[in-house]
Each structure stands twice: as structure tokens, then as C-alpha cells.
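User: Please take one part of this model and examine it closely. I would like a single connected account that also places the part in its surroundings.

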Amino acid sequence: MSQGPADYRPGMRPGCIRVSRDLREDTMRCPFCKNDDTKVIDSRVADEGQAIRRRRSCVECGRRFSTVESAVLSVVKRNGVTEPFSREKVMRGVRRACQGRHVAEDALAQLAQQVEDTVRASGSAEIPSNEVGLAILKPLRDLDEVAYLRFASVYRSFDSVEDFQREIDDLRSASSESGKASAESVKSS
Ligand SMILES: [Zn+2]
């Protein structure tokens, strides 16, 4: 089965769960007594709309438990292997680039959330790993320029001083643009 990015067929999006059946069939087995008949007693939106948390009650033993439903988001690695998107993994990669910098864990978590929002906004259930990398670059640049350069040098495989120089020039022009609105910096190439 081919898995190319162009292999899109409407109604057959990978990673999606078919929900056309009668929802009453979707009862969850009780984790305590293994009875098949449990009912939803409460359902609420969690994680800023990205998940639905349901409180369930077992008809047999009366015990309660929770389930979480969220859209499956997969990352396709360069070698074609697919793995679930992980904010923790984004944080690990960025944390490495932030070594020795004063970047708080909270800021990393926030960045990972931003990255997830960006890749989810593409509306696709499968994201190429390089798009995850791209989604990291912008918020990381705003967070810490040194960490950004480290990350970009690996991610974009810089192999010369010129590559760094170009990136640094970009950073300089971006920060001077945001500092003052200059009409003179219009480039004519
Ligand atoms: Zn039970």
C-alpha cells in the first residue's frame, strides 16, 4: 500500500475513526468488573477543545471511570514510519537546543502547545516530520535566538559559516523591523 502524501482519498483519511455506527454500540468495558455495559454520565470538553473527557458509570458494579477522546495526529518520519505526535518529544528536542540558556520549562510547554496547534490547524491527520520542525522554528525564534540558531543549524543542516551568517542577518533585520517601522528597508533585488 502506497503512503505518499498525494495518496489522499476523500472519506479515507488515515488516522480517523469511523463513527457512523450507532453510538450506543460504543460502550466501553468496565475496567473493574469487565462488564460490557457502561454508560456516560458526564461529558465535557477538555484541553481547550482538543479532547472530550467522559465520566462513565458501570451498570453492573456501579463504579466510575473516565475516558478521553481526542483526534489522532500522526507524524510521518523521513523513513516513512508513522508515530503519534508528542508534545513531550517536541519539548525534548527544543530543550536540547536551549541548554545553558535561561528558558523555563513553562515556556517549553507553551511552545510545544503552539506547535501542536499549528500542525493541527493544517487539518491533516498525518503530518510529515519536517513540518513539525518548521512549526517549531518560528516560536523558538521568538523565545530564544541562540537556541533558535542551534535548532535551525541541525534542522536545516547548516554546513558553512555563511549559512549561520545568513540566518543571523535575517534575525537582525527581523528585530530591527519590529523595532521601528521603516519604509526604507524595502529590498529591490
Ligand atoms: Zn463494573
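Analyst: S57 stands opposite R64 in β3, where a strand is a DSSP run of E with at least two residues, numbered from the N terminus. The model is predicted, so local features need pLDDT of at least 70 and side-chain atom pairs count only at pLDDT 80 or more, whereas totals for chains, interfaces and linings use all residues. Residues are numbered from 1 along each chain as its sequence is written, and side-chain values use heavy atoms, with hydrogens and water left out.

The pairing of β2 with β3 is antiparallel and extends over seven bridges; two strands count as paired if DSSP finds at least two bridges between them. On the β1 side, eight bridges join β1 to β2, again in the antiparallel sense, and S43 has R54 in β2 as its bridge partner. Four residues lie between the strands in the hairpin of β1 and β2, in which D47 adopts a positive phi near 55°.

Together these strands form an open sheet of three, ordered β1-β2-β3 and paired antiparallel. Because β1 and β3 (64-70) each have a single partner strand, they stand at the edges, and one side of each lacks a neighbour in the sheet. Neighbouring strands are turned against each other by 25° on average, direction ignored; the axes used for such angles are lines fitted to C-alpha atoms, for helices over the stretch in contact, and angles run from 0 to 180 degrees between N-to-C directions.

Within β1, D42 touches R53, R54 and R55, leaving aside residues up to four places away in sequence. A contact here means heavy atoms within 4.5 Å. D42 is partly exposed because its relative accessible area is 31%; the classes are buried under 20%, exposed over 50% and partly exposed in between, with a 1.4 Å probe and protein chains only. S66 lies 24 residues from D42 in sequence and 9.3 Å away in space, C-alpha to C-alpha.

C30, C33, C58 and C61 coordinate the zinc ion through their SG atoms at 2.3 to 2.4 Å, with donors defined as N, O and S atoms within 2.8 Å of the metal (3.2 Å for Na, K and Ca); water is not among the atoms, so sites may look incomplete. The angles between the four donor atoms are 106 to 117°, so the arrangement is tetrahedral, a term that requires all angles between 85 and 135 degrees for four donors. Along the chain the donors follow the spacing C-x2-C-x24-C-x2-C. C33, in the segment before β1 (38-46), and C58, in strand β2 (residues 51-58), are 25 residues apart and link distant parts of the chain. C58 is buried because its relative accessible area is 2%, whereas C33 has 31% relative accessibility and therefore counts as partly exposed.

Beyond the sheet, S74 belongs to strand β4 (residues 74-76). A relative accessible area of 10% is why S74 counts as buried. Its contacts, residues up to four places away in sequence not counted, are T82, E83, P84, F85, A125, E126 and I127.

In the chain as a whole, the elements run β-β-β-β-β-α-α-β-α-α-α from the N terminus on. Of the 189 residues, 25% are buried.

Notes. Four donors count as tetrahedral if all angles lie between 85 and 135 degrees; four count as square planar and six as octahedral if opposite donors are over 155 degrees apart and all others between 65 and 115; anything else is irregular.
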